[in-house]
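Hi everyone, thanks for making time this morning. Let me put the sequence and the model up on the screen, and then we can walk through it together.

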Amino acid sequence: MPAAKREYGYYVLPILHGDRLVGRIEPVFDRKEKVLRVQGLWWQPGEKPVDLEEPLASLGAFLGAERIER
C-alpha cells in the first residue's frame with residue numbers, strides 16, 4: 001500500500017498484553033549499522049502503554065543489533 005494511504009507504518013507488529021491488543025510498533029533493523037530503531041509506535045485508545053524494554057532487547061538480540069534506538 002502506498003505510504004500516503006497507510007494508517008500505520010510499512011511493517012507493523014502488534015503489541016499484546018495478555019490476550020489484548022494494546023498497541024502497534026514498527027521496528028526497523030539497520031543491518032549496516034546494527035541498530036534496531038523504533039520507527040513508529042501507536043497505542044490503542046484507552047490502553048496504558050506497557051514497558052517495551054525487554055521485548056525490544058530480545059528482538060535486538062535475535063537480529064544481532066548492537067544498540068536500540070527508541
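Leucine 13 stands opposite isoleucine 25 in strand 2. That pair belongs to strand 1 and strand 2, which pair in the antiparallel sense over five bridges. When I say that two strands pair, I mean that DSSP finds at least two bridges between them. Helices (H or I, at least four residues) and strands (E, at least two) are DSSP runs, numbered from the N terminus.

A quick word on what you are looking at: this is a predicted model, so local features need pLDDT of at least 70 and side-chain atom pairs count only at pLDDT 80 or more, while totals for chains, interfaces and linings use all residues. Residues are numbered from 1 along each chain as its sequence is written, and side-chain values use heavy atoms, with hydrogens and water left out.

Back to the hairpin. Strand 1 and strand 2 have two residues between them, and glycine 18 in the turn has a positive phi of about 70 degrees.

The four strands form an open sheet in the order 1-2-3-4, with mixed pairing. Strand 1 (13–17) and strand 4 (67–69) are at the edges with a single partner strand each, so one side of each has no neighbour in the sheet. On average, neighbouring strands of this sheet are turned by 35 degrees against each other, direction ignored. For angles, axes are lines fitted to C-alpha atoms, for helices over the stretch in contact, and the values run from 0 to 180 degrees between N-to-C directions.

Next, the middle of the order. Strand 2 (residues 20–30) and strand 3 (residues 35–43) run antiparallel and are joined by eight bridges. Proline 27 is opposite valine 38 in strand 3, and aspartate 30 has valine 35 of strand 3 as its bridge partner. This hairpin has four residues between the strands, and lysine 34 there takes a positive phi near 55 degrees.

So which residue of strand 4 is the bridge partner of valine 35? That is arginine 67. Strand 3 and strand 4 pair in the parallel sense, over three bridges. Together with helix 1 they make a right-handed β-α-β unit; right-handed means that, with the strands pointing away from the viewer, the path from the first strand over the helix to the second runs clockwise. Helix 1 (residues 53–63) lies across strand 2, strand 3 and strand 4, at about 145 degrees to strand 3.

What sits inside? The largest nonpolar core has seven residues: Ile15, Val22, Ile25, Leu36, Val38, Leu52 and Leu56. Strand 2 and strand 3 are the elements that give two or more residues to this core. A nonpolar core here is a set of buried Ala, Val, Leu, Ile, Met, Phe, Trp, Tyr and Cys residues joined through side-chain atoms within 4.5 Å. Buried means under 20% relative accessible area, exposed over 50%, and partly exposed in between (1.4 Å probe, protein chains only).

Leucine 36 is in contact (heavy atoms within 4.5 Å) with several residues beyond four places in sequence, including Pro27, Phe29, Leu56, Leu59 and Ile68. Isoleucine 68 is found in strand 4, and at 35% relative accessibility it counts as partly exposed. Leaving out residues up to four places away in sequence, isoleucine 68 touches Leu36, Leu56 and Ala57.

Is glutamate 26 buried or exposed? Glutamate 26, in strand 2, counts as buried because its relative accessibility is 11%. Among the residues that glutamate 26 touches are Tyr10, Tyr11, Arg37 and Trp42.

Glutamine 44 is in the loop between strand 3 and helix 1, and at 21% relative accessibility it counts as partly exposed. The side chains of glutamine 44 and arginine 24 are joined by a polar contact of 2.4 Å. A polar contact is a pair of N or O atoms within 3.5 Å; within protein, one must be able to donate a hydrogen and the other to accept it, and residues adjacent in sequence count only if both atoms are side-chain atoms.
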